[in-house]
Amino acid sequence: MAYNIRKMEVQDAASIIEHKKLVTAENPDTLATAIENRTITIEEEEATIKSLGPNDLGIVAVDGEKVIGMLNLRQDHRKKFEHIGQFGISLQAAYTGSGTGTAMVKEAVEFARNNDKLEKLILTVFANNPGAIKLYKRLGFEEEATLKNQVKLTDGYTDLVYMANFLK
């Protein structure tokens, strides 16, 4: 069962912060987030939501009012790279396998396809997360590069895989 997916709203800030804390704790070796480094205030999260531009997408998956997943897609604003959008997604462990993550990525791809500026979507994924890599491949992403031992884990290293979907 896919949960309700909608655009982020400023009033989601506190729930988004709680979501980030939870998924970071659940996925210490397959996810990198800024919240690992420092506390994020509600005001900072609200500012992030407000900063979404016309070529950006911020969506949340919610169970009632609780954020259980999120996806941020940002256009690169440098002139030579403005045709590229990069996104990251997270979903709480209790909701994996529900189709929600797939639905969120599909929504991001559809948003980018319908956008006049975006021609390519990119993402990075830890190589030790084969389920995510399989999902992205199923949705049209291809591996473009692998950076060896790019991510330092609690016990060892893993590679960082760059993936892309050429939309046009």
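Predicted model: local features only at pLDDT ≥ 70, side-chain atom pairs only at ≥ 80, totals over all residues.

Residues are numbered from 1 along each chain as its sequence is written, and side-chain values use heavy atoms, with hydrogens and water left out.

**The sheet**
- Strand S2 (residues 57-63) and strand S3 (residues 66-75) run antiparallel, joined by 7 bridges (strands are DSSP E runs of at least two residues, helices H or I runs of at least four, numbered from the N terminus).
- Zooming out, 7 strands make an open sheet with mixed pairing, ordered S1-S2-S3-S4-S5-S7-S6 (two strands pair if DSSP finds at least two bridges between them).
- At the edges sit strand S1 (4-7) and strand S6 (142-153), each pairing on one side only.
- From one strand to the next, the twist averages 25° (axes are lines fitted to C-alpha atoms, for helices over the stretch in contact, and angles run from 0 to 180 degrees between N-to-C directions).
- H1 packs on this sheet and touches S2, S3 and strand S4 (84-91) (contact means heavy atoms within 4.5 Å); the direction of H1 makes about 95° with that of S3.

**The helix pair**
- Helix H1 (residues 13-26) packs against helix H2 (residues 42-50) at about 105°, with the axes 9 Å apart.
- On the H1 side, Ala-13, Ala-14, Ile-16, Ile-17 and Lys-20 meet Ile-42, Glu-45, Glu-46 and Ile-49 of H2.
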